[in-house]
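Dear colleague,

Please find below the structure that I am handing over to you.

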Amino acid sequence: MTTALVLGAAGGVGRAVVARLAAGGGMRVVAVDQDPAVLQLADASAALVGDVTEPGLLARAFEAAGDEPPSVLVHALLYELRAPLGELSPEQWHKVFDVGLVSAWQAAAELVRRKGEGPASVVLVGSVHAHGAVPGCAPYAVAKAGLGALARAAATEWGPLGVRTNVVEPGFVPVPRNAHRVPDDAARARVAAHYPLGRICSPAEIADAVAFLAGPTSSYVNGVCLPVDGGYLAVLPEVTPTSSDAPSSPTADLSGPTADPSSPTADPSSPAADPSSPAGGLSSPAGD
């Protein structure tokens with residue numbers, strides 16, 4: 001049986017991925033998150049609470065798989081930060097990169113070192129923010145763009161070893177962390193109007209894309225960034241709705257502040273919205 005390691009498993013998208021890989025993909029799943037809720041995931045065969053940036057945590061995560069090392073890795077981690085570009089500190093940049101980008105490379109490299117014979121797959125949860133910018137979210141966008149470059153580099157170096165590396169790039173997906181963005185039907189309709197399909201994506205749809213890239217049916221897909229955004233990135237930014245085409249045409253700037261399940265939130269009541277905080281207005285690493 002294939003073993004999958006899911007980092008960020010307690011987040012909205014991470015939970016859906018664990019369920020999809022276990023039930024629909026027939027995989028044994030090791031779930032990791034710093035949220036203790038990861039221990040309650042019924043579909044996980046093993047679970048571990050911890051911060052992946054802590055020394056030794058990744059080794060423990062791989063060891064939790066037992067005798068059969070993971071041949072599938074899903075990285076669904078982020079670090080929330082919102083601050084003007086000119087006011088960011090090096091420490092803030094490093095923290096966002098450590099969680100959202102560097103840990104992805106570290107986990108993938110660990111999988112390559114530990115994998116047995118046969119193929120392996122790395123799936124990184126990116127964002128449409130990799131293709132556009134929103135004021136105040138620079139480190140997040142740069143980190144997500146970096147995942148695409150990482151996947152391409154890994155494809156060229158690890159492809160000969162039988163390891164495929166790809167990125168799933170969601171648009172806005174409602175999860176508990178960003179629920180304040182769509183508190184009612186009217187708000188959901190406003191967000192949905194920015195997407196050509198005219199509706200909001202579900203975590204399960206992102207999990208389906210992850211499962212496709214993780215499984216054998218994508219055995220020749222390598223180094224790809226796959227948008228799962230209902231056509232959002234396909235629309236020219238100058239296109240605006242008229243009375244005849246609304247609400248199917250986008251009206252907002254690329255992705256908006258919270259256009260994907262991994263996007264930094266803008267909840268004024270959250271420490272993440274205060275860049276003047278001693279900790280830089282940052283929350284802890286979270287899954288999604």
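This is a predicted model: local features need pLDDT of at least 70, side-chain atom pairs count only at pLDDT 80 or more; totals for chains, interfaces and linings use all residues.

In strand β2, arginine 28 is the bridge partner of threonine 3. Strands β1 and β2 (residues 28-33) pair in the parallel sense over 5 bridges; two strands count as paired if DSSP finds at least two bridges between them. Between β1 and β2 the chain passes through helix α1 (residues 12-24), and this β-α-β crossover is right-handed, a term used if, with the strands pointing away from the viewer, the path from the first strand over the helix to the second runs clockwise. Helices (H or I, at least four residues) and strands (E, at least two) are DSSP runs, numbered from the N terminus.

Residues are numbered from 1 along each chain as its sequence is written, and side-chain values use heavy atoms, with hydrogens and water left out.

Strand β1 also pairs with β4, to which 4 bridges join it in parallel; here valine 6 has valine 74 of β4 as its bridge partner. Because 5 of the 5 residues of β1 are buried, β1 is largely enclosed by the rest of the structure. Buried means under 20% relative accessible area, exposed over 50%, and partly exposed in between (1.4 Å probe, protein chains only). Thr3, Leu5 and Leu7 are buried on one side of β1, and Ala4 and Val6 are buried on the other. In a regular strand the side chains alternate between the two faces of the sheet.

The sheet as a whole is open and parallel, with 7 strands in the order β3-β2-β1-β4-β6-β7-β8. Its edge strands, β3 (46-49) and β8 (225-228), each pair on one side only. From one strand to the next, the twist averages 15 degrees. Strands β7 and β8 run parallel and are joined by 4 bridges, with valine 168 opposite leucine 226 of β8. Helix α4 packs on the sheet and touches β6, β7 and β8, its direction making about 160 degrees with that of β7. Angles run from 0 to 180 degrees between N-to-C directions, and axes are lines fitted to C-alpha atoms, for helices over the stretch in contact. Contact means heavy atoms within 4.5 Å.

Two residues may be of interest to you. Serine 121 lies in strand β6 and is buried, with a relative accessible area of 1%. Its side chain reaches the backbone oxygen of leucine 213 at 2.9 Å. Leaving aside neighbours within four places in sequence, serine 121 is in contact with residues including Ser71, Val72 and Arg164.

Glycine 159 is in the loop between α4 (138-158) and β7 (163-170), and counts as partly exposed at 27% relative accessibility. Not counting residues up to four places away in sequence, glycine 159 touches Ala154 and Asn222. Proline 119 is 40 residues from glycine 159 in sequence and 9.4 Å from it in space, C-alpha to C-alpha.

Finally, some totals. The chain has 6 helices and 9 strands, and of its 288 residues 51% count as buried. Among contacts between residues at least 6 apart in sequence, 72% join residues at least 24 apart.

How values were computed. A polar contact is a pair of N or O atoms within 3.5 Å; within protein, one must be able to donate a hydrogen and the other to accept it, and residues adjacent in sequence count only if both atoms are side-chain atoms.
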